[in-house]
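Take a moment to look over the structure below before reading on. The paragraphs that follow go through its sheets and then its helical stretches.

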Amino acid sequence: MTVGVAEPDVAAPAAPAPEPDARAVARRENEALREIRAPVAASIRFACVLGAVGALCGLVPFVGLAELAAALLAPGPVDTGRITLVGWLVVAGAGARGLLTGVALSITHFADQRLQGILRERLVRHLGRVPLGWFSQHSSGLVRKAAQDDVHDLHQLIAHHSVELTAAIALPVGGLAYLVWLDWRLAVLALVTLPFYAAAYAWMMRGYTGKMQEMNAAFARISAAVVEFVGGIAVVKAFGQGRRAHESFRRAASDFGGFYAGWVRPMLRLEAISTMAVGAPVVGLVASAGAVWLAAEGQVTPAEALTGILVALVVPTTISALGYGAQNRRTAAAAALRLHELLRTPVLPVADDPQVPHGHRVEFDDVRFGYEAGADVLHGITLTCEPGTVTALVGPSGSGKSTLATLLPRFHDVTGGAVRIGGVDVRDVDPAVLYRHVGFVLQDVQLVHGSLADNVRLGRPTASHDEVRRACEAGGVHDRITELPRGYDSVVGEDALLSGGEAQRVSIARALLADTPVLVLDEATAFADPESEAAIQDALSTLAAGRTVLVVAHRLSTITGVDRIAVLDRGRVVESGTHRELLARHGAYARQWRAHLGEDRP
Ligand code: ADP
Ligand code: MG
């Protein structure tokens, strides 16, 4: 369990933080925060002004209570008129504070809702134009973190903190100003306890980081529930169903948002209260002693002394407010930076003058390709898939089969040569048109958070229930779906828990429904157990009929009958022909075939 080697590293003194870097990051974070927050900045400023005025109204009861005490303590008959007036002022002040703070917080909550909508919309719109390959290169966690966690982190800052922090500063500042006006020594008394409080606060906050981590871990566990949405985003995008899938995700997200808020808020309050419990007695004691002494010396009236004590008691809360505020702002700024960068992911270039493919011949013409910051993976591949034929790609793992296949639906763009469909470079085809021509069933099956019917219907949103069912029958998954308690309405990841092979067949049904003339199938049987492989094979033959198919073959036995087999090795086509022709050549394919037979007969 222990990793001995790591020990010295852990024990070694921490290297000094790279200051300029940290500062540069902080600057970028703040810029990102400003940019992300811009659409609601005016509302928030307005709410802060209201919050500040509300906090100042909160001073009225302080002053009023002291006045009340003065009136009651005054020698002679009690002036009831004055007492009633002061009483009303106290009530009015407290009421105005509550009202203004409430209005300010509703403004920020509405602003936050609006901003969340804007951000999610921007994310969906932007990610909808990012190359599909980006999604296979970046973990779905990144998108999840943006759409879920980061938007939430902003919520704390936008909906709560701006107003709460302004109020937390306005109240003591206003109180101190009032004390200075009464007697500057009272103001000094109110400030003198700050160091005590700061020390108590620091002591209280020792465990805070750990608690935060605990909370974050719990948070991560829960948010895993929405992975399906982003897990399936390539498919959502390809079939132009961003909005619908987004809607079900949004519901799941907001349900969870409510739960999370309910869970965290009491904890934070408890923290604040216990901090107060340590701080308040110290502050109260010192301030009272000083104020009472000043009053006894006749320097201030008892009423002024009382006001001084009351203000002294609220001053320290500013410290905890500032502490939480700083923490919150850091979290929000980091979130804003991640969102900002995600929104700047390069998008797939779209032709100014899009063309429509004429027919369905697929040509790879001297295709070269390398992943970002990597050596070339494909070195000049030329291959033609005639309409209505099946072409299989075989070759060792890492030879570039998947890469070549995904260039056709433009997961990436070639770095040299061209991929053409119906004589038109795929880069000159409008993406929406391209996806109506090219369907795909990939190695990592992509189902989105939604019902099974919805998942299949992504292939063709207008399909009737009958058409969905027929596609599932042809895809060999209808029987399995009807076994589920809610049948086609079962939700992926909730009550539709499918095996890899079954999920694969759902995606085949989707491709069947989409009915594209060109199909890319990548190791479609990779996940399957033997029975389900047979079912998948049947489904695939149904799917392939009459289409131009490019299939990345996993098991050679499944492709002996195809029109053409291209053998790839280290990014080059080393052989091509039919199964028979290739066997007769006694080359790479024949060797693989013999190895394959050996595998099957242990
Ligand atoms: P195959 O499907 O034949 O097993 P791939 O097309 O998946 O091969 O991979 C070809 C080469 O490209 C491999 O060297 C692999 O490491 C590399 N590669 C695949 N995907 C990526 C990626 N997203 N980023 C960088 N390199 C990749
Ligand atoms: Mg592969």
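In what order do the six strands of the open sheet with mixed pairing lie? This is a predicted model, and in it the order is β6-β7-β8-β3-β9-β10. At the edges of this sheet are β6 (438-441) and β10 (572-577), each of which pairs on one side only. On average, neighbouring strands of the sheet are turned by 20° against each other, direction ignored.

Strand β7 (residues 518-522) and strand β8 (residues 548-552) run parallel and are joined by five bridges. Among the residues involved, Val-518 has Thr-548 in β8 as its bridge partner.

Strands of a sheet pair through backbone hydrogen bonds, and the pairing may be parallel or antiparallel. Strand β1 (residues 362-370) runs antiparallel to β2, and seven bridges join the two. Here Gly-370 stands opposite Asp-376 in β2.

Now turn to the helical stretches. An unreviewed UniProt entry places the feature "transmembrane region" at residues 44-65, 85-111, 187-206, 218-240, 272-294 and 306-326. How much of the chain over residues 44-65 is helix, and how much is strand? The chain there is 95% helix and 0% strand, with its end C-alpha atoms 32 Å apart. Over residues 85-111 the chain is 100% helix and 0% strand, and the end C-alpha atoms lie 38 Å apart.

Note on methods
Residues numbered from 1 in each chain as written. Chains lettered and ligands numbered in written order. Predicted model: local features only at pLDDT ≥ 70, side-chain atom pairs only at ≥ 80, totals over all residues. Heavy atoms only, no water. Pairing = 2+ DSSP bridges. Helix = DSSP H or I, 4+ residues; strand = E, 2+ residues; numbered from the N terminus. UniProt positions renumbered as here; feature names shortened; annotations may be inferred. Axes fitted to C-alpha atoms, helices over the stretch in contact; angles between N-to-C directions.
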